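Visitor: I would like to learn how to read the features of a protein model. Please start with an idea I need, then show me the case.

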Amino acid sequence: QDLLQRWGLQEFFGPEFLRHKIDGEMLSHFTLDDVDAEIRALRPDSPARSFHWRKLWSKLEEERAERARKLKELEEGARRQLVDSSGVSGVHVKHDGGAVIL
């Protein structure tokens, strides 16, 4: 519900999502085929129109891309952590089998 509010879509999806117990996890599995099915099933009295569904899809894709970017940063950060090399002098480069040895 917070994301819907932030995206300006709360009034169009909020009540229906609550009624059908659609949460963030369920939305994380949402596909473009789901959007197309929802658009085809729109009723004349539905508050969400096709452009609302397209905006929701666009925002979900942005969220997915942002999460993927953050995950990649975390993984790269973990690879860059220093290891305890007390008692050892020199440089060790661990990349595709390459090394610099002094």
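Guide: A salt bridge is a side-chain nitrogen of Lys or Arg within 4 Å of a carboxyl oxygen of Asp or Glu. Side chains of opposite charge can pair when their charged atoms come close. In this structure, which is a predicted model, Glu66, Arg69, Lys70 and Glu73 are linked in a network of such bridges.

Visitor: How many salt bridges are there by this rule?

Guide: The count comes to 8. One of them joins lysine 59 and glutamate 62, with the closest N and O atoms 3.7 Å apart. That distance is within the 4 Å limit, so the pair qualifies. Both residues belong to helix α5 and sit 3 residues apart, about one turn of the helix. Lysine 59 is partly exposed at 24% relative accessible area, and glutamate 62 is partly exposed at 45%.

Visitor: Which side chain does glutamate 16 meet in a salt bridge?

Guide: That of arginine 19, at 3.0 Å from N to O. Glutamate 16 has a relative accessible area of 27% and is partly exposed, while arginine 19, at 55%, counts as exposed.

Visitor: Which residue forms a salt bridge with aspartate 45?

Guide: Arginine 43 does, and the closest N and O atoms are 3.1 Å apart. Aspartate 45 is exposed, with 59% relative accessible area. Arginine 43 is partly exposed, with 44%.

Visitor: Now the aromatic rings. How is a pair of them described?

Guide: A pair of aromatic rings is described by the distance of the centres and the angle of the planes. This structure holds 4 aromatic pairs. In one of them, the ring centres of phenylalanine 13 and phenylalanine 17 are 5.3 Å apart and the planes meet at 35°, so the pair is tilted. These two residues are 4 apart in helix α2, which spans residues 10-19, so about one helical turn lies between them.

Visitor: Are phenylalanine 13 and phenylalanine 17 buried or exposed?

Guide: Phenylalanine 13 counts as buried because its relative accessibility is 2%, and the cut-off for buried is under 20%. Phenylalanine 17 is buried as well, at 5%.

Visitor: What kind of pair do phenylalanine 13 and tryptophan 53 make?

Guide: Their ring centres are 4.6 Å apart and their planes stand at 75°, so this pair is edge-to-face. The pair links distant parts of the chain: phenylalanine 13 is in helix α2 and tryptophan 53 is in helix α5 (residues 50-79), 40 residues apart. Both residues are buried. Ring pairs also join Phe13, Phe17, Phe30 and Trp53 into a cluster.

Visitor: Which residues touch the most other members of the largest nonpolar core?

Guide: First the general idea. In soluble globular proteins, nonpolar side chains tend to be buried together. Here the largest nonpolar core has 14 residues, and Phe13, Phe17, Phe30, Trp53 and Leu56 touch the most other members. The elements giving two or more residues to this core are α2, α4 (32-40) and α5. Helix α5 gives the most, with 4 residues.

Visitor: Which residues is phenylalanine 13 in contact with, leaving aside its neighbours within four places in sequence?

Guide: They are Leu4, Ala48, His52, Trp53 and Leu56.

Visitor: Where do the buried residues of α2 lie around its axis?

Guide: The buried residues in α2 are Phe13, Gly14 and Phe17. They cover an arc of only 115° around the axis, which puts them on the same side of the helix. The face of α2 turned away from this buried side carries the exposed residues Glu11, Pro15 and Arg19.

Visitor: What follows α2?

Guide: Lysine 21 does, and its phi is positive, near 55°. This is a positive value in a residue other than glycine. Lysine 21 lies in the loop between α2 and α3 (24-28), and it is exposed, with a relative accessible area of 66%.

Visitor: What is the mean pLDDT of the chain?

Guide: The mean is 85, and 76% of the residues reach 70 or more. Among the elements, α2 has the highest mean pLDDT (95) and α5 the lowest (90).

Technical notes
Residues numbered from 1 in each chain as written. Predicted model: local features only at pLDDT ≥ 70, side-chain atom pairs only at ≥ 80, totals over all residues. Heavy atoms only, no water. Phe/Tyr/Trp six-rings, centres within 6.5 Å; stacked < 30°, edge-to-face > 60°. Buried < 20%, exposed > 50% of the residue type's maximum accessible area, 1.4 Å probe, protein only. Core = buried A, V, L, I, M, F, W, Y, C linked by side-chain atoms within 4.5 Å. Contact = heavy atoms within 4.5 Å. Arc of directions from axis to C-beta. pLDDT = per-residue confidence, 0-100.
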